[in-house]
Amino acid sequence: MSIKSVYRLFALAAVAAAMTGVTSCTEKKFHVEGNIADAKDSTLYLENMSLNGPVAIDSVKLGDDGAFSFGERTAEAPEFYRLRIAGQIVNLAIDSTETVRVKASYPTMTTQYEVEGSDDCSKIKELALKQIDLQNRIAQIVRAPQLGVEAVDDSVAKVVAAYKDDVKVHYIFKAPMRSYAYFALFQTITLGDAQTLIFNPRSSEDDVKVFAAVATSWDTYYPEAERGKNLHNIAIEGMKNVRILRSKMAQRIDPSKVSSTGIIDIALADNHGVTRRLSQLKGKVVMLDFHLFASQESPKRIMMLRDLYNKYHAQGFEIYQVSIDPDEHFWKTQTAALPWVSVRAGEDNQNVVADYNVQQIPTFFLISRDNAVYKRDAQVKDLDAEIRSLL
């Protein structure tokens, strides 16, 4: 999948994660009430999470006691809302004329709130806290200085897999027709600065099955609900993508591309048309850099890389820069005066980006003199110090 496709997916996930889809409403009402302490004069919003993002449907300026009460029409299928003060939110699900009571304090309402009157809302709270805990554990792994790149990726994959197994068994498959099962499908985690779905229906066959299970249930219980139709379409598209990926998987990481030291080799044409292999730089300390020259931050970053190159090149430091710019002519113009290796991963070479699990741009890896991946950017606190230690 191209970086652009990844970004589109994550952008859609960020909207979908808000739990969207407005259905036709009856005149029956639900109520959300309670109090938010330590929030005097703050504005509390009740927002419906539509397919186009959050939509404020009511608000109140809180007084000394923080009391609030909202009443809105009940939809024909489960709907998703949130209470929000600034960046603090409480996620809610409404599937009847219930009264949900929320008690919290500001500014800790996202993680420290009490909810009564709705089993779905209680389950959503459990899932939200589990997600926060997962994100914290991932952050601890990424920051661990003793772990190499492969160890970090392996450890993160394990904690995410354990999380998914837990959520599938105790929430999704247990009651796929419930709103909290739907909520679980669209939870995300952040790796670096990139947001990614925990359950990825675009590339994981197992995850597609999870989406399909909930979609089938919603088709049965809420056949006219827009969110159910959306799930159905996601599952069908995921099945198509998985079939395509499965047919390509065998040749995606060709054993011939892996050097004896373990790096996945890259062989791309540079800005002069000469094929340059990453493995040919064995014996040097290399920064493998994934870059987009079309980004606004590119000039500033290139200046930083020039400083590094000028300081350390004579001691055996090299930069192997992989551009993902779609415009080849623009890329050649931008790299004409650069002294390091400049190659480009075009539409036919996006597997290079996937092979290194690049989920955000820019991203870099430090490679030691023996051609082994040493660290990725998320693990590097002092880049100069790390380069000097390798030289």
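Reader: Why does Tyr180 count as buried?

Author: This is a predicted model, and in it Tyr180 has 4% relative accessibility. Buried means under 20%, so Tyr180 counts as buried. Tyr171 is buried too, with a relative accessible area of 5%.

Reader: What makes Tyr171 and Tyr180 an aromatic pair that is edge-to-face?

Author: Two numbers. Their rings sit 6.2 Å centre to centre, and the cut-off for a pair is within 6.5 Å.

Reader: Why is the pair of Phe290 and Phe365 called edge-to-face?

Author: Same test: here the angle between the planes is 80°, and over 60 is what the label needs. The centres are 6.3 Å apart. Phe290 lies in strand E13 and Phe365 in strand E16, so the pair ties together parts 75 residues apart in sequence. As for burial, Phe290 comes in at 0% relative accessibility and Phe365 at 1%.

Reader: What makes E15 and E17 edge strands?

Author: The sheet is open, with the order E15-E14-E13-E16-E17. Strands E15 and E17 each have a single partner strand, so one side of each is left without a neighbour in the sheet.

Reader: How do you know that E14 and E15 pair?

Author: Four bridges join them, and at least two are required, so they pair. They run parallel; one of the bridges links Ser323 to Arg344 in E15.

Reader: Why say that Arg227 sits over the ring of Tyr182?

Author: Its charged end is 5.1 Å from the ring centre, and the distance cut-off is within 6 Å. Tyr182 also belongs to an aromatic cluster, with Phe80 and Trp218 among the members.

Technical notes: Residues are numbered from 1 along each chain as its sequence is written. This is a predicted model: local features need pLDDT of at least 70, side-chain atom pairs count only at pLDDT 80 or more; totals for chains, interfaces and linings use all residues. Side-chain values use heavy atoms; hydrogens and water are left out. Helices (H or I, at least four residues) and strands (E, at least two) are DSSP runs, numbered from the N terminus. Rings of Phe, Tyr and Trp (its six-membered ring) pair if their centres lie within 6.5 Å; planes under 30 degrees apart count as stacked, over 60 as edge-to-face and the rest as tilted. Buried means under 20% relative accessible area, exposed over 50%, partly exposed in between (1.4 Å probe, protein chains only). A charge sits over a ring if NZ of Lys or CZ of Arg is within 6 Å of the ring centre and within 35 degrees of the ring normal.
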